[in-house]
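Subject: Handover of a structure and notes on its features

Dear colleague,

Please find the structure below, followed by an account of what was found in it. I would be grateful if you could read the notes with the model open beside you.

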Amino acid sequence: MTRLLDVSNLTVGYGPAIALDGISFDVARGEFVTFIGPNGAGKTTLLNSIMGVIAPQSGAVAFRGEALGLARPEARVARGIVLVPERRELFAHLNVEDHLRLGAFLRRRQGRQKMAAALDRIYALLPKLAERRKQLAGTLSGGEQQMVAIGRALMAEPQLLMLDEPSIGLAPRITEEIFDAISLLKKDGMTGILVEQNATLALSVADRAYVLEVGNVVAAGPATELRQDPRVTAAYLGAGDRYRDCAAPSSALHVTTEKD
Ligand SMILES: Nc1ncnc2c1ncn2[C@@H]1O[C@H](COP(=O)(O)OP(=O)(O)OP(=O)(O)O)[C@@H](O)[C@H]1O
Ligand SMILES: [Mg+2]
């Protein structure tokens, strides 16, 4: 398998506080890698660094063998890296289809037929969106909003899809629908990085997993092995799953309005 993403020795701080302490990993084409870990572990910081939203203090990110350096987020999207952010970041007064079209912004000159075909693929993957294509994002349920955020990301035709806690704040039934869609994408060959507090779900779709705690990788391996690892089962799985279904922050339903 060829390597799509290489992260080496990534250190990120906010002022003097270190949020990621020299993280190294790689992702092969067609592979789904998950990072699980509690609040504040550095999961979002990691995805934001790969996206170019945050500049690291040291370390490097390479995509398809090329160092990304200080490339801006838009340039990274153009190369095929797309993030579904934790806060979803939808526009309350735009409808579902508007969001999907926005996701294809960089391919806006591709012509009507290709756009229609791309929309059809999203609606086939996430049928709830088809039912609600003209509904304003601000009136959607949390789960539907998450689907819009995923659909919008897919419209950019990513080579690497990064998902930041897609299950946060959602009921189990809708979470299952979203994870079914992620599994289908994976079967279709999509490469991904999935960040989750819900370790059970994350380990069920991912090929490999890393456990992140206060900016450090404390365990890593194939997802099937980590599911058996006593350190993981004690802290993250089963009845004693401390972090599972933590109270969702209000940001889980965050929708951007003109006032934001
Ligand atoms: N903009 C910021 N300014 C200062 N500190 C920050 C900022 N963003 C994150 N941090 C800190 O960096 C650490 C890692 O935060 P991060 O958001 O990456 O964690 P996380 O694993 O995504 O947590 P959660 O599960 O709650 O989303 C935390 O200690 C957090 O307080
Ligand atoms: Mg986070």
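Two strands are said to pair if DSSP finds at least two bridges between them. Helices (H or I, at least four residues) and strands (E, at least two) are DSSP runs, numbered from the N terminus. In E2, for example, leucine 20 is the bridge partner of valine 12.

The model is predicted, and local features therefore need pLDDT of at least 70, side-chain atom pairs count only at pLDDT 80 or more, and totals for chains, interfaces and linings use all residues. Residues are numbered from 1 along each chain as its sequence is written, while chains are lettered from A and ligands numbered from 1 in the order in which they are written.

Strands of a sheet pair through backbone hydrogen bonds, either parallel or antiparallel. Here, 4 strands in the order E2-E1-E4-E5 form an open sheet with antiparallel pairing. E2 and strand E5 (66-67) are at its edges; each has a single partner strand, so one side of each is left without a neighbour in the sheet.

Strand E1 (residues 3-14) is joined to strand E2 (residues 17-28) by 9 bridges in the antiparallel sense. Leucine 5 is placed opposite valine 27 in E2. The hairpin of E1 and E2 has 2 residues between the strands, and glycine 15 takes a positive phi near 60° there. E1 also runs antiparallel to strand E4 (residues 58-63), with 5 bridges joining them. Serine 8 has alanine 60 as its bridge partner in E4.

The six-stranded sheet

A further open sheet has 6 strands in the order E6-E8-E9-E3-E10-E11, and its pairing is mixed. Strand E6 (81-84) and strand E11 (216-222) are at the edges with a single partner strand each, so one side of each is left without a neighbour in the sheet. On average, neighbouring strands of this sheet are turned by 15° against each other, direction ignored. For such angles, axes are lines fitted to C-alpha atoms, for helices over the stretch in contact, and angles run from 0 to 180 degrees between N-to-C directions.

Strand E8 (residues 160-164) pairs with strand E9 (residues 191-196) in the parallel sense over 5 bridges, and methionine 162 is opposite isoleucine 193 in E9. E9 also runs parallel to E3, with 5 bridges between them. Threonine 34 is opposite leucine 194 in E9, and in E10 the bridge partner of threonine 34 is alanine 209. E3 and strand E10 (residues 208-213) pair in the parallel sense over 4 bridges.

How many residues of strand E3 are buried? A residue is buried if 20 or more other C-beta atoms lie within 10 Å of its own, exposed if 12 or fewer, and partly exposed in between, with C-beta atoms placed from the backbone. In strand E3 (residues 32-36), 5 of the 5 residues are buried, so the strand is largely enclosed by the rest of the structure. In a regular strand the side chains alternate between the two faces of the sheet. Phe32, Thr34 and Ile36 point one way from E3, Val33 and Phe35 point the other way, and all are buried.

Asparagine 198 lies in the loop between E9 and helix H8 (199-205). Asparagine 198 is buried, with 24 other C-beta atoms within 10 Å. Asparagine 198 and proline 38 are 160 residues apart in sequence, and 9.4 Å apart in space, C-alpha to C-alpha.

Helix packing

Two packed helices are described by the angle between their axes and the distance between the axes. The axes of helix H6 (residues 142-155) and helix H7 (residues 172-187) come within 10 Å and cross at roughly 15°. H6 and H7 are therefore roughly parallel to each other (angles under 35 degrees count as roughly parallel, over 145 as roughly antiparallel, 65 to 115 as roughly perpendicular and the rest as oblique). Gly143, Gln146, Met147 and Ile150 in H6 meet Ile174, Ile178 and Ala181 in H7, where contact requires C-beta atoms, placed from the backbone, to lie within 7 Å.

Helix H3 (residues 96-103) packs against H6 at an angle of about 35°, with the axes 6 Å apart.

A colleague

Methods: Contact = placed C-beta atoms within 7 Å.
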